[in-house]
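This report goes through one protein chain, from its overall make-up to single residues. Please keep the sequence and the 3D view open while reading.

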Amino acid sequence: MHPILTTILKRLGLGILTLLIVSVIIFASISMLPGDFAQAVLGQAATEETVAAFRREIGLDQPVVLRYFDWLGSMMTGDFGTSFSGRAASGVDRSRPVIDLVAPRLANTLFLASFAAIISVPLALFLGITAALWRNSFYDKTVSASTLTTISFPEFFVAYILILLFATLWPVFPSLANVQAETPFWDRVYATALPALTLTLVIVAHMMRMTRAAIINLLASPYIEMARLKGEPPARVIMKHALPNAWAPIAAVIAFNLAYLVVGVVVVEVVFVYPGIGQLMVDAVSSRDIPVVQACAMIFAATYVLLNLTADIIGIITNPRLLHPK
């Protein structure tokens, strides 16, 4: 078997094992939370018989191990359970499947993350490559100082500054990113401009600095010196010789930051009241809607593992030692 295929299969196996371990941690952490979930959902007015019946219905009367494997098996078939949000002490059940709550919110989060990625990834690559090309110049120092400043601020601070500038002092964009399923595309882009700009300012700095560092590290290699001695222009040296060998670390940084766009949008979504999966998870934690919390946590973990796995595979494919084994 080819070394690349063998290594990729090993990475896939490790990714699946990681998700399995994460699922155990998520389920165990939520199971150890204090309090009675059934009593918290139904309220203090619920009778003991109603609470006991509800506990039997959601499986809280079964051992923890059995409940975990039931949840894991259902989740592997696409069934994340039923939300607790529609339950009432009166016995009226208006609950909805978790997938019906998560799917539209996940679509909104992916739209916001894609919007920010389309802006931030090309911008970070451009700034990183040009900063490495003109290393120690005024341009390099200005870009490095600017990105270091933005990466030092927390997300909520950047968000509030943008709201102050572009929604209050100069009302160009709305301060609340209120979108619906039927919102037209360009109206959705306009409404999510400030959240996307916040995420862009936060992640572009890290990607730019890592891209610059990877390029500068490769510029000290002997084959780069040989290309320079041949008289090739600096831009060609970077684009033809340095950049192809820098794709592995750059891809890892990009994948890490794209994972952050999906996993770390909770604060940004809360600030702008954006109906994404991060806002849904915060609301579910507040209302102790355990199936929704578990589903959101597993989606975040799967996204993070999948994107990092993609970065590993890109690094493997672009490794000349594996492409040309001896």
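Two residues are in contact when heavy atoms of theirs lie within 4.5 Å. The model shown here is predicted.

## The chain as a whole

The protein chain has 15 helices and 0 strands. It contains 326 residues, and buried residues make up 43% of them. Among contacts between residues at least 6 apart in sequence, 70% join residues at least 24 apart.

## Ser120 in helix α5

Ser120 lies in helix α5. Is Ser120 buried or exposed? Its relative accessible area is 0%, so Ser120 is buried.

The side chain of Ser120 reaches the backbone oxygen of Ala116 at 2.8 Å.

## How α6 meets α9

Two packed helices are described by the angle between their axes and the distance between the axes. Helix α6 covers residues 138-152 and helix α9 covers residues 193-219. The axes of α6 and α9 come within 8 Å and cross at roughly 135 degrees. That angle makes α6 oblique to α9, because angles over 145 degrees would count as roughly antiparallel and those from 65 to 115 as roughly perpendicular. The crossing of α6 and α9 is left-handed.

Which residues make the contact? From α6 come Asp140, Val143, Ser144, Thr147, Leu148, Thr150 and Ile151. From α9 come Leu201, Val202, Ala205, His206, Met208, Arg209 and Arg212. Sorted by class, the contact of α6 with α9 has 7 nonpolar, 4 polar and 3 charged residues.

## Tyr68 in helix α4

Tyr68 is part of helix α4, which spans residues 64-76. The relative accessibility of Tyr68 is 9%, so Tyr68 counts as buried, the limit for buried being under 20%.

Which residues is Tyr68 in contact with, leaving aside neighbours within four places in sequence? They are Leu20, Ser23, Val24 and Phe27. Phe27 and Tyr68 are 41 residues apart along the chain, and their C-alpha atoms are separated by 6.8 Å.

## Helix α13 and its cover

Helix α13 runs over residues 277-286, and its buried residues are Ile277, Gly278, Gln279, Leu280, Met281 and Ala284. What covers these buried residues includes α5 (98-133), α12 (266-271) and α14 (290-317). After α13 comes Arg288, whose phi is positive, near 55 degrees.

## Positive phi in two loops

Asn136 is found in the loop between α5 and α6. Asn136 is not a glycine, yet its phi is positive, at about 65 degrees. Is Asn136 buried or exposed? Its relative accessible area is 53%, so Asn136 is exposed; the cut-off for exposed is over 50%.

Val273 sits in the loop between α12 and α13. Val273 is not a glycine either, and its phi is positive, at about 50 degrees. With 47% relative accessibility, Val273 counts as partly exposed.

Notes. Residues numbered from 1 in each chain as written. Predicted model: local features only at pLDDT ≥ 70, side-chain atom pairs only at ≥ 80, totals over all residues. Heavy atoms only, no water. Axes fitted to C-alpha atoms, helices over the stretch in contact; angles between N-to-C directions. Helix = DSSP H or I, 4+ residues; strand = E, 2+ residues; numbered from the N terminus. Parallel < 35°, antiparallel > 145°, perpendicular 65-115°, else oblique. Left-handed = near helix turned anticlockwise from the far one by under 90°. Nonpolar A, V, L, I, M, F, W, Y, C, P; charged D, E, K, R; others polar. Buried < 20%, exposed > 50% of the residue type's maximum accessible area, 1.4 Å probe, protein only. Polar contact = N/O pair within 3.5 Å; in protein donor to acceptor, adjacent residues only side chain to side chain.
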